[in-house]
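Work through the exercises below with the model open beside you. Try each task before you read its solution.

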Amino acid sequence: MTASRRGTTRPVLTAKAFAKINLDLRVLDVRPDGYHELRTTFQSIALADTLTFRSTRTPLRIECDDPACPAGRRNLVWRAAARMWKAAKRRGLPRGLTIQIAKRIPVQAGLGGGSSDAAAALRALAVIWRVQISSAELHQMASELGADVPFFLEGGTALGVGRGDRLFPLDDIARAWVVLVIPDFAVNTKDAFGWWDRTRGRLRGADSNDLQAPVAERHPVVKRLVAALKRGGAFHASLSGSGSAVYGLFPSRPGALRAARALDGSGRRTIVVRTLDRGECRALAAT
Ligand code: C5P
């Protein structure tokens with residue numbers, strides 16, 4: 001490992017953490033632990049944060065280029081590292097690495113960015129710290145970090161039940177182009193489930209995501225964006241997870257780019273990406 005002029009070292013490893021959308025999301029009930037029983041279809045998309053692991057002599061540092069990304073120990077990546085450090089049977093708090101996160105997945109948008117970063121960190125740190133860990137143990141560790149985290153260990157298309165952490169791989173869907181519309185507000189996941197609690201699904205309607213109506217009640221633009229994506233040629237459009245991102249699926253890239261151009265502006269932005277299958281996620285994860 002050689003030190004550069006800036007005092008950092010060459011990367012030990014880099015990893016890509018892909019975002020997801022929820023193709024559907026049913027909230028079935030509130031559980032005794034306060035979480036909600038879900039049935040949801042996760043789908044990986046080609047939008048990723050990049051995590052770079054560098055060797056240092058200091059306590060673990062998390063650096064992120066997006067000010068909206070939680071710093072230090074509040075970042076899920078720090079907590080993932082603390083869990084893996086323990087599994088490596090090392091004493092005290094994690095040290096010896098700086099993890100830089102190049103954040104491309106919008107924060108608090110329902111795209112799973114924080115959870116995906118945590119899953120990528122778990123996988124990478126198991127390698128860096130040479131931790132012998134079964135996939136069942138890794139899955140357990142991931143689900144303790146957050147309900148969405150286990151999905152990102154595999155990616156692709158998967159059915160999530162329980163808190164969304166019990167996963168069943170599904171056949172890959174035909175590749176589609178995704179227009180993500182990122183509004184100028186964020187939604188806190190806990191708040192969105194709280195809004196669902198107040199109506200307990202009475203607002204459901206014909207949406208493919210049970211959180212869409214309670215979120216759209218507070219942020220009416222969500223409903224307008226879903227309708228606009230459908231008018232613009234999407235064969236499916238919905239809120240992703242608890243939002244605030246709304247997406248539309250298109251059969252072709254030109255069609256997706258056209259719809260994105262029509263929706264850009266007024267404080268929101270659009271991102272056009274394609275869906276990723278499980279094999280692509282695995283192949284592209286280690287950069
Ligand atoms: O698991 P995670 O910390 O990502 O979840 C964030 C919040 O979302 C939880 O504290 C909970 O309020 C809510 N949640 C839920 N039911 C789920 C998943 C998340 O109520 N299945």
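## Exercise 1. Residues with positive phi

Lys89 lies in the loop between helix 1 and strand 4. (Helices are DSSP runs of H or I of at least four residues, strands are runs of E of at least two, and both are numbered from the N terminus.) This is a predicted model, in which local features need pLDDT of at least 70 and side-chain atom pairs count only at pLDDT 80 or more, while totals for chains, interfaces and linings use all residues. Residues are numbered from 1 along each chain as its sequence is written, and side-chain values use heavy atoms, with hydrogens and water left out.

**Task.** Find the phi of Lys89, then decide whether Lys89 is buried or exposed.

**Solution.** 
1. Phi of Lys89 is positive, at about 60 degrees, although Lys89 is not a glycine.
2. The relative accessible area of Lys89 is 75%.
3. Buried means under 20%, exposed over 50%, and partly exposed in between, with a 1.4 Å probe and protein chains only. Lys89 is therefore exposed.

**Task.** Treat Gln108 in the loop between strand 4 and helix 2 likewise.

**Solution.** 
1. Gln108 is not a glycine either, and its phi is a positive value near 50 degrees.
2. With a relative accessible area of 41%, Gln108 is partly exposed.

## Exercise 2. Helix 2 and the cores

**Solution.** 

**Solution.** 
1. Helix 2 is mostly covered, with 13 of its 16 residues buried.
2. A nonpolar core is a set of buried Ala, Val, Leu, Ile, Met, Phe, Trp, Tyr and Cys residues joined through side-chain atoms within 4.5 Å. The largest one here has 37 residues. Leu51, Phe53, Met84, Leu122, Leu125 and Trp129 have the most contacts inside it.
3. Elements that each supply at least two residues of this core include strand 1 (11-30), strand 2 (36-59), helix 1 (76-87) and helix 4 (151-154). Helix 2 gives the most, with 9 residues.
4. A second, separate core has 23 residues, including Trp195, Val226, Ala256 and Ala259.

**Task.** Which residues does Phe53 touch, leaving out those up to four places away in sequence?

**Solution.** 
1. Contact means heavy atoms within 4.5 Å.
2. Among the partners of Phe53 are Pro11, Val12, Leu13, Leu97 and Ile99.
3. Others include Ala121, Ala124, Leu125 and Ile128.

## Exercise 3. Helix 3 and its neighbours

**Task.** Describe how helix 1 packs on helix 3.

**Solution.** 
1. The angle is about 145 degrees and the axes are 10 Å apart. (Axes are lines fitted to C-alpha atoms, for helices over the stretch in contact, and angles run from 0 to 180 degrees between N-to-C directions.)
2. From helix 1, Leu76, Arg79, Ala80, Arg83, Met84 and Ala87 take part. They meet Leu138, Met141, Glu144 and Leu145 of helix 3.

**Task.** Which residues of helix 3 are buried, and what covers them?

**Solution.** 
1. The buried residues are Leu138, Met141, Ala142, Ser143 and Leu145.
2. Their cover includes helix 1, helix 2 and helix 4.
3. Take Ala142, in helix 3 (residues 135-145). Its relative accessible area is 0%, so Ala142 is buried.
4. Beyond neighbours within four places in sequence, Ala142 contacts Leu122, Val149, Pro150 and Leu153.
5. Ala142 and Phe152 are 10 residues apart along the chain, and their C-alpha atoms are separated by 9.0 Å.
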